[in-house]
Amino acid sequence: MAAIDNTRSVHHGAHFGSIFARILATVSAWNDARITRNALSRLSDRELDDIGLSRGDIERAIR
């Protein structure tokens, strides 16, 4: 008599989707930080001071 082992449930699609979602979220967060960094870098020192930042604060503000 043949036996079939059906106790393991493997769903590769869900695992791949999870990895893809994390990669997409990481890339999206990196791009958002890049856009913010560029926008803040284009501001003058006076404009940065108006929003309570200095040039040295830009990286910390992004995180």
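This is a predicted model: local features need pLDDT of at least 70, side-chain atom pairs count only at pLDDT 80 or more; totals for chains, interfaces and linings use all residues.
1. Overall fold. The protein chain contains 3 helices and 0 strands. Helix α1 covers residues 12–42, helix α2 covers residues 45–50, and helix α3 covers residues 58–62.

2. Confidence. The average pLDDT of the protein chain is 86, and 78% of the residues score at least 70. Where in the chain is confidence lowest, and where is it highest? The lowest value belongs to α1, with a mean of 90, and the highest to α2, at 96.

3. The nonpolar core. Which residues make up the largest nonpolar core? There are 6 of them: A33, L40, L48, L53, I58 and I62. Helices α1 and α3 each supply at least two residues of this core.

4. A nonpolar patch on the surface. Nonpolar side chains are also found on the outside of the model, where F16, F20 and L24 form a patch. Together these residues have about 360 Å² of accessible area. L24, one of the members of the patch, is found in helix α1.

5. R34 is located in helix α1. R34 counts as partly exposed because its relative accessibility is 32%, a value that falls between the limits of 20% for buried and 50% for exposed. Along the chain, R34 and I62 are 28 residues apart, while their C-alpha atoms are separated by 8.8 Å. I62 is one of the residues of the largest nonpolar core.

6. Salt bridges in general. How many salt bridges does a search of the whole structure find? The search finds 4.

7. The side chains of R37 and E59 meet in a salt bridge, with a distance of 2.6 Å from N to O. This pair links distant parts of the chain, as R37 lies in helix α1 and E59 in helix α3, 22 residues apart. Are these two residues buried or partly exposed? R37 has a relative accessible area of 28% and is therefore partly exposed. E59, at 34% relative accessibility, also counts as partly exposed.

8. The pair D50 and R46. A salt bridge joins the side chains of D50 and R46, at 3.6 Å from N to O. Both residues lie in helix α2, 4 residues apart, which is about one turn of the helix. D50 and R46 are both exposed.

9. The pair D57 and R60. D57 forms a salt bridge with R60, and the closest N and O atoms are 2.6 Å apart. The two side chains also make a polar contact, at 2.6 Å. D57 counts as buried because its relative accessible area is 17%, under the limit of 20%. R60, by contrast, has a relative accessible area of 55% and so is exposed, this value being over 50%.

10. The setting of D57. The C-alpha atoms of D57 and L40 are separated by 9.9 Å, and the two residues are 17 residues apart along the chain. L40 is one of the residues of the largest nonpolar core.

11. Points to locate in the structure. A reader may begin with the core formed by A33, L40, L48, L53, I58 and I62.

Note on methods:
Residues are numbered from 1 along each chain as its sequence is written. Side-chain values use heavy atoms; hydrogens and water are left out. A nonpolar core is a set of buried Ala, Val, Leu, Ile, Met, Phe, Trp, Tyr and Cys residues joined through side-chain atoms within 4.5 Å. Buried means under 20% relative accessible area, exposed over 50%, partly exposed in between (1.4 Å probe, protein chains only). Patches are made of residues with over 30% relative accessible area and no salt bridge: like charges are joined within 9 Å, nonpolar side chains (Val, Leu, Ile, Met, Phe, Trp, Tyr) within 5 Å. Accessible areas come from the Shrake-Rupley method with a 1.4 Å probe; for residues, only the protein chains shown count as cover. pLDDT is the predictor's confidence in each residue, from 0 to 100. A polar contact is a pair of N or O atoms within 3.5 Å; within protein, one must be able to donate a hydrogen and the other to accept it, and residues adjacent in sequence count only if both atoms are side-chain atoms.
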